[in-house]
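Student: Hey, can we go through the charged side chains in this one? I'd like to see who pairs with whom.
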Amino acid sequence: MDPQDHERFREFVDARWSTLLRLANLLTGGDRHEAEDLVQIALMNALGRWRHIDDPEGYVRKVMYRHQISRWRLRRPHREATFAVPPEDLGVTDGTAAADLRISVAQALARLTPRQRTMLVLRYFEDLSETEVASTLGCSVGTVRSTTHRSLTRLRRLAPELAAPAQAAAVSTNVPKGAHT
């Protein structure tokens with residue numbers, strides 16, 4: 001690698017590290033160490049092909065997605081992380097509700113399977129279309145649709161506090177759909 005390419009690579013890493021780490025954090029379910037490893041693996045792959053890459057960020061993101069897919073395909077025993085339950089409404093109006101929501105979303109994502117988490121991150125955090133997700137993950141659009149649907153259903157069951165107020169009330173009272181009270 002010539003010095004000019006090396007400098008371009010360093011500038012890319014300096015400029016995009018935090019964004020890539022944030023994405024990796026979502027993909028790994030909040031495990032900071034795994035997230036850092038994921039970004040570093042993707043950057044090492046990019047470094048070897050740096051001269052031939054037209055869209056560095058797109059390339060690094062795709063490597064991260066595919067490497068994360070490989071991790072959940074290995075079928076390692078899955079350790080489910082446990083988290084403390086966030087306190088109920090404390091009546092604070094200084095913007096902590098948004099932080100609580102981010103924590104709740106991160107905890108709920110961490111409780112999904114890696115495949116489900118990857119689908120939701122690509123679809124809703126990365127804002128990719130179903131076709132783009134299917135292309136990125138090497139699967140059919142139907143697989144993306146069904147996995148996304150099952151993932152959202154499980155997310156709603158695991159974290160009812162993230163549902164809309166009317167849905168959360170129905171979930172918390174366990175009233176079957178269509179039942180009259």
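Predicted model: local features only at pLDDT ≥ 70, side-chain atom pairs only at ≥ 80, totals over all residues.

Student: Okay, and how are D5 and R8 placed in helix α1?

Tutor: They sit three residues apart in helix α1 (residues 3-27), so about one helical turn separates them.

Student: Is D5 buried or exposed?

Tutor: D5 counts as buried because its relative accessibility is 9%, and the cut-off for buried is under 20%. R8 has 39%, so it counts as partly exposed.

Student: Which residues are linked with D5 and R8 in a network?

Tutor: D2 and R51. Together with D5 and R8 they are linked in a network of salt bridges.

Student: New topic: what does R61 pair with?

Tutor: R61 forms a salt bridge with E57, with the closest N and O atoms 2.9 Å apart. Both residues lie in helix α3 (residues 56-73), four residues apart, which is about one turn of the helix. R61 is buried, and E57 is buried too.

Student: And where are E130 and R145?

Tutor: Their side chains meet in a salt bridge, 2.8 Å from N to O. This pair links distant parts of the chain: E130 is in helix α6 (residues 130-137) and R145 is in helix α7 (residues 141-158), 15 residues apart. E130 counts as partly exposed because its relative accessibility is 24%.

Student: Last one: how many salt bridges are there in the whole structure?

Tutor: A search of the whole structure finds nine.

Note on methods. Residues numbered from 1 in each chain as written. Heavy atoms only, no water. Salt bridge = Lys/Arg side-chain N within 4 Å of Asp/Glu carboxyl O. Helix = DSSP H or I, 4+ residues; strand = E, 2+ residues; numbered from the N terminus. Buried < 20%, exposed > 50% of the residue type's maximum accessible area, 1.4 Å probe, protein only.
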